[in-house]
Amino acid sequence: MESTCGKQWDVLEAIKATGKTGPQATYAIQGYCPACDSQKRPYSGRFFATSDCDVTNASNHEWEQRKQTDLAAFWPRSEVPYGFMTSMNNGGIPNHGHTHWWTMFSPLQLLIHSQILRAIHDSHALSHAPT
């Protein structure tokens, strides 16, 4: 049984009061193992594994180092626009602390996604370069 002080706490109200997103931490990763899938192991190669704090800390550090340099053009900086689905439905995204698109992602996700976008951009630029 969970112990409480007896007061009902609304999670959205608590998050809204801080003006930030709710605290989060990586405790597991979801992965896929093609070899396990081809061997017909359970769950078609999908698995969960505990998170590695060293990897999380390293990715946070790398994101901080690169987000304003080589990856600056490849992550969303704009505010979440006002609209029914963003501002009114389910309590409104800004009320959950997500005022900008990038706040919806962890540093690891931002690092990976921006590197993928950069690779696509660079590949496209190379394939269309004059010869």
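These legends accompany several close-up views of a predicted model.

**Notes for all views.** Residues are numbered from 1 along each chain as its sequence is written, and side-chain values use heavy atoms, with hydrogens and water left out. Since the model is predicted, local features need pLDDT of at least 70 and side-chain atom pairs count only at pLDDT 80 or more, while totals for chains, interfaces and linings use all residues.

**View 1. Confidence along the protein chain.** Here pLDDT is the predictor's confidence in each residue, from 0 to 100. The protein chain has a mean pLDDT of 86, and 93% of its residues reach 70 or more. Confidence is highest in helix 2 (residues 34-38), at a mean of 96, and lowest in helix 4, at 74. Helices (H or I, at least four residues) and strands (E, at least two) are DSSP runs, numbered from the N terminus. As a reading tip, where pLDDT is low, the predicted coordinates should not be read in detail.

View 2. Look for H98 in the loop between helix 4 (84-88) and helix 5 (107-127). H98 is buried because its relative accessible area is 18%; buried means under 20%, exposed over 50%, and partly exposed in between (1.4 Å probe, protein chains only). The side chain of H98 reaches the backbone oxygen of T103 at 3.1 Å. This is a polar contact, that is, a pair of N or O atoms within 3.5 Å; within protein, one must be able to donate a hydrogen and the other to accept it, and residues adjacent in sequence count only if both atoms are side-chain atoms. Apart from neighbours within four places in sequence, H98 is in contact (heavy atoms within 4.5 Å) with T21, V80, I93, T103 and M104.

View 3. T103 sits in the loop between helix 4 and helix 5. With a relative accessibility of 13%, T103 is counted as buried. Once neighbours within four places in sequence are set aside, the contacts of T103 are T21, G97 and H98.

View 4. V80 belongs to the loop between helix 3 and helix 4. V80 is buried, at 8% relative accessibility. Not counting residues up to four places away in sequence, V80 touches T86, H98, T99, H100, W101 and M104.

**View 5. The largest pocket.** On a 1 Å grid over the protein atoms alone, a pocket is an open set of points where a 1.4 Å probe fits, with protein on both sides within 12 Å along at least five of seven lines; lining residues have an atom within 4 Å of a point. The largest pocket has a volume of about 610 Å³, where grid points are joined across faces, edges and corners and the volume is the space filled by probe spheres set on the points. It is lined by 23 residues, and the closest to its centre are Q24, F105, S106, P107 and L108. Strand 1 (28-32), helix 3 (53-66) and helix 5 are the elements that give two or more residues to this lining. Helix 5 gives the most, with six residues.

View 6. P107 is placed in helix 5. At 29% relative accessibility, P107 is partly exposed. P107 touches N60 and W63, leaving out residues up to four places away in sequence. The C-alpha atoms of P107 and E64 are 8.1 Å apart, although 43 residues separate them along the chain.

**View 7. Two positive phi values in one loop.** Most residues other than glycine have a negative phi. K40, in the loop between helix 2 and strand 2 (46-50), has a positive phi near 60 degrees. K40 is exposed, with a relative accessible area of 74%. S44 lies in the loop between helix 2 and strand 2, and its phi is also positive, near 55 degrees. S44 is partly exposed, at 41%.

**View 8. G19 and G31.** G19 is in the loop between helix 1 (11-18) and strand 1. G19 is exposed, with a relative accessible area of 54%. Twelve residues apart in sequence, G19 and G31 are 33 Å apart in space, C-alpha to C-alpha.
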